[in-house]
Amino acid sequence: MSVGIVGYGAYIPKYRIRVEDIARVWGHDAGSIKSGLGVLEKSVPSLDEDTATLAVEAARNALKRAKDVKPSEIGAVYVGSESHPYAVKPTAATVAEALGIVPDTTAADLEFACKAATAGIQACMGLVKGGYIKYGMSIGADTAQSAPGDALEYTASAGAAAYIIGSENLVAEIEGTFSYTQDVPDFWRREGAPYPRHGGRFTGEPAYFEHVVKASKGLMERLGTNVSDYNYVVFHMPNGKFPLRAAKILGFTIEQVRIGLVVEKIGNTYSGSSLLGLAAVLDVAKSGERILLTSYGSGAGSDSFSIIVRDLIEERRNLAPSVKYYVERKEYIDYALYARSKCLYRG
Amino acid sequence: MSHIAPPAHWRRAKERYRLLGSKCENCGSTFFPPTKVCPKCRRKGRIVQTEFSGKGKIYSYTIIHSAPKMFEKYTPYILALVELEEGPKVMSQIVDCKPEEVKIGMAVEVCFRKLFEQDGEGIISYGFKFRPADNSWKSLQ
Amino acid sequence: MHCMREASVYTEVDMMYKKRDVAIISAAATKCGEQWDKGLKDLAWEAGVKAVEEAGISGKDIEYLVVGNMSGGMFVGQEHIGALVADFLGLNPIPSLRVEGACASGGIAFFQGYMAVASGLYDIVAVGGVEKMTDVEQEHATTALSGAMDFEWEAYFGATFPGIYALMARRYMYEYGLKKETLAKVAVKNHYHGSMNSLAHFMNRISLEEALSAPMVAEPLGKYDCCPISDGAALVILAPLEIARKYTDTPIIVKSSVMASDTLSLLKRRDICTLDATVNAAEKAFRLAHIERSQVNLIEVHDCFTIAEVLAIEDLGFAKKGEGWKVCDEGQTYVGGNLPVNTDGGLKASGHPVGATGVKQIVEIVKQLRGEVERGRQVNNAEIGLAHNVGGSGATAVVTILARR
C-alpha cells in the first residue's frame with residue numbers, strides 16, 4: 001500500500017512589514033540584515049488571526065484540493081505549532097470542528113518548535129498504513145513570537161500549511177521518511193514567557209545543520225537515492241541563508257532549492273515554513289518528479305521525506321489558491337501598526 | 001460579554017464556525033440565523049441544517065469607531081450586513097479590507113477569525129467573518 | 001404603505017377591551033442628564049411627586065402603577081422595580097408592575113396603563129418610567145443597551161447600537177440619496193429645540209459644521225447623530241375621561257395607544273430602511289383614533305439616532321418612503337414648520353433615559369397640548385399630538401395619539 005498526499009493547502013496573512021521598517025526603529029543597518037538573513041519582509045497576522053484561524057484557512061484549502069474526501073472520513077487531525085492560542089485546550093479540536101471533521105476523529109496539538117507538523121504527517125502515515133484511519137490531516141501553523149529588537153523580529157512571521165494524508169487518490173506519494181533527533185538547547189520558550197530565547201550562532205552548526213543534513217542523508221541512504229534523483233529540495237527556512245548552505249553541504253544545486261525557498265518575502269512561518277515550501281513545489285511540479293523535504297525543529301530534530309508527484313496533481317492544484325498567490329497578496333504596515341497588532345493580538 | 005459562561009459560547013459554536021443555517025425541505029427556503037420552524041410552511045415544513053457557501057454581497061456597512069470593551073482593540077472595524085448568495089443575511093465583520101474600500105454590492109467570501117477574547121485568561125471565541133472576494137488566484141496558478 | 005397584516009384583523013379585538021375613553025390628568029418629568037446626586041429611587045420619587053401634586057390627588061387615589069424600566073439590573077444592580085417604585089411613592093400595597101421592552105419600556109408602560117383604565121378595571125392609574133444610567137461605567141451602560149439587539153447573531157459579532165442604525169442609514173443613503181448634511185440638520189434642529197427646554201439634557205445649540213465635523217461613532221453616524229446616556233424619570237396619571245375634570249381643567253384625551261412587534265435582529269427584516277413595527281402601530285393608531293395625519297400638530301419621535309427621526313417620519317406615514325429626509329432637510333420639522341418634530345429636543349438633546357423616554361414623550365405632548373411649554377418651542381394652538389417610542393432597532397414600537405378634545 002502506498003501512502004501520500006491527497007490534498008494540500010496554504011495560507012499566509014495579508015499584511016507585511018519590511019526589514020527596513022523594523023531596522024529603523026532599532027537603529028540597525030537594514031542592508032546588512034537583508035543580505036545577512038536573505039529576508040526582505042515578513043508576514044504579519046491581523047489582530048483577529050491566530051494559529052487556529054490560520055490552520056483553519058489552510059485546512060479548508062487542503063480539503064478543496066482533496067475533493068473526493070468527505071470531512072467525516074478524516075480520522076485524525078494534528079496541529080503542529082509553537083504558538084497554540086491556549087496552553088491547555090487543543091487547537092486541533094477547533095480546526096476539526098470548523099471543518100466538520102468531528103466527532104469521529106482523533107485530534108491533538110503537537111509541539112516540536114518548527115517541525116511538529118511533519119511529525120504529524122508521520123503519525124498520519126502510520127495510522128493510514130496501519131489501517132486505523134482512511135485519511136489524516138496534519139497542519140503546521142504559527143503566529144511566531146519575537147522579542148522587540150531581537151534578531152528574530154526580522155523573520156518571525158505567520159503562515160500555515162495543511163496536508164491530508166491517505167492511500168487513495170494521491171497527488172503525491174511519500175516513498176519514505178526518516179527522522180533525526182537529539183537534545184540540543186538552541187532555542188526555547190519557557191511556560192508563561194512571552195518570547196522565545198535562543199543561542200545565537202549556536203542555532204547553526206550543532207543544531208540546524210547537524211539535524212537537517214543528517215536526516216536528509218539518512219533518508220537517502222535508506223532509500224538508496226542521491227541528490228541527483230531529486231528535482232526539488234525543501235528545507236526548513238529560518239532565514240534565506242541556512243537552507244542554501246544545507247543544500248550546498250549535501251550537494252544540491254541552487255536550482256533544486258529555488259522553487260521551495262519561500263522565506264524571502266514572508267519570513268519564517270515556523271511550523272508552516274518547510275510545509276509552505278513543499279506546497280510551493282507541489283504548485284508547479286510535474287508528474288513523476290521527486291521532492292526531498294526536510295523539516296527542522298529546535299531542540300532539536302528533523303523529519304525528512306522523499307515524495308514522488310503523481311498525475312492527479314495537475315487537476316487538483318488549481319482547486320485552491322497557490323502559495324505564490326498568498327505571497328503576492330499583501331499590504332504593508334509600518335512598525336507602529338505592527339506593534340499594535342503584535343502586542344494586542346497576544347492579549 | 002465577560003460574564004458569559006462557556007456553555008453560551010459553545011452552544012452556537014458549530015453554526016458560527018461553519019456558517020450553518022437551516023433549510024426547509026418542503027419549500028426550499030434557507031434561513032439565518034437557523035430557525036426551528038419554517039415561517040411559510042409552518043407545520044408542513046421540514047427544517048434541516050445547511051451549510052452556506054460563504055459567498056455573498058455587502059448589503060450595508062458601517063465603520064465602528066466606538067465599541068464595547070471586547071471589541072475595542074479592533075476599532076475601527078467594518079461591520080456589515082452580508083446578503084448570502086442563498087438569500088439570508090448575516091451580520092459580520094469585513095476583514096482584509098480598508099474602510100475606504102468597502103461599498104454596498106461588494107462581493108465577499110467567508111473566512112475564519114477570532115471574534116473576541118474574554119481577557120488574557122478567558123475563552124477565545126471564533127467564528128465567521130468575511131473578506132473581499134478575490135478570484136485572482138485562479139489566474140495566478 | 002406597507003402593512004404586515006390585514007387591517008381588519010385588529011379592529012374587533014382591539015375595541016373589545018375599550019369600554020371607555022381615557023384621559024391624562026397630570027404629567028411630569030424630571031430634568032434629564034447626568035444627575036450625580038440622584039439615584040433611581042430619587043428620580044422616580046421626584047417625577048411621582050410632581051405628577052401627584054399637579055393632579056391635586058392623594059397617593060391613596062392611585063389604584064395601579066405601571067413602571068417602564070429597561071435594565072435596572074445592569075444599570076444599578078436593582079431589579080423588582082415595580083414594588084420598589086410603589087414603595088418609594090408610598091403607594092403600597094397597590095399592584096405595581098414593571099415592564100420592559102428595551103428603549104420602548106416607557107411607551108409599553110403607557111400602553112398597559114391605558115388598557116387598565118380603558119378596560120374598566122381601574123380608574124386612577126399611574127404610569128411611570130425611570131432609568132438611572134450613569135451609575136455604571138459608560139462601557140457597561142453600552143453593554144446593557146446592546147441587550148436590546150440579538151445577542152447571539154448581532155452583538156456577538158461586534159455590532160453596537162449606533163452600528164445597527166448606521167447600517168440602516170448607509171442603506172437608506174444608498175437607496176434614497178440621503179446626505180450626511182441632512183442628518184446633521186436633524187441634530188441641529190433637536191439641539192435648537194432642546195436649548196429652550198429647561199428639562200433637557202443638553203441646552204446648547206450646535207452649528208451644522210459642529211455636527212458634521214464631530215468624531216465618528218459608527219460611520220456615517222457621528223457623535224451628534226447619537227443620543228446621550230441620561231438619567232431621568234417621568235410619570236403621568238390616567239383616569240376615565242368621564243371623571244377627569246374632577247382633577248384637571250385640561251384633561252388630555254388618549255385617542256389611541258398601540259404597540260407592535262417585529263424581529264429583534266436586523267438580519268430578518270423585510271427592509272432595514274423601514275421599521276415595520278412603527279408602520280403597523282401607526283396605521284392602527286390612526287385608524288382607532290379616527291384621526292388623519294393632516295390633523296396632527298406635532299409629533300414626538302424616537303430619534304435615538306438622527307436617521308431614526310427620518311425613518312419615523314416616513315413609517316408614521318407623514319412622508320412617503322424615501323422622502324422623509326426631505327421634510328427634515330427643508331426645515332419643516334422646526335416649531336413653526338409644517339410638521340414640528342421633537343419640540344422638547346428629542347432623545348438627541350432632551351436626553352434618553354431609556355425606560356423613561358416613552359413616558360417623557362407623552363409628558364411633552366401633554367404640555368404642548370395644554371400650551372404650557374417654554375415660549376419659542378410652543379406649537380400654537382396644538383390640538384393633536386403623537387408620541388412614537390421604539391425598542392431596540394425596531395422590534396417594539398408604541399404609537400400614542402393624544403388630543404385636547
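Predicted model: local features only at pLDDT ≥ 70, side-chain atom pairs only at ≥ 80, totals over all residues.
Colleague: Over how many bridges do strand S1 (residues 20-24) of chain B and S2(B) pair in the antiparallel sense?

Modeller: Residues are numbered from 1 along each chain as its sequence is written, whereas chains are lettered from A and ligands numbered from 1 in the order in which they are written. Strands are DSSP runs (E, at least two residues; helices are H or I, at least four) numbered from the N terminus, and two strands pair if DSSP finds at least two bridges between them. For S1 and S2 of chain B, the number of bridges is two.

Colleague: Which strands are the edge strands of the open sheet in chain B?

Modeller: Three strands form this sheet of chain B in the order S2-S1-S3, with antiparallel pairing. An edge strand here pairs on one side only, and that holds in chain B for strand S2 (30-31) and strand S3 (47-51).

Colleague: Which residue is the bridge partner of B:Lys23 in S2(B)?

Modeller: The sheet order S2-S1-S3 lists S2 beside S1 in chain B, and S1 covers residues 20-24. The partner of B:Lys23 in S2(B) is B:Thr30.

Colleague: In chain A, over how many bridges do S8(A) and strand S13 (residues 301-309) pair?

Modeller: Strand S8 (residues 172-181) of chain A is joined antiparallel to strand S1 (residues 4-11) of chain A by two bridges, with A:Ala172 as the bridge partner of A:Ile5. S8(A) also pairs in the antiparallel sense with S13(A), where A:Thr181 has A:Gly301 as its bridge partner. The number of bridges between S8(A) and S13(A) is nine.

Colleague: Which pair of chains has the most contacts?

Modeller: Contact means heavy atoms within 4.5 Å. Chains A and C do not touch, their nearest C-alpha atoms being 12 Å apart. Among the two pairs of chains that touch, the most contacts are between chains B and C.

Note on methods
Heavy atoms only, no water.
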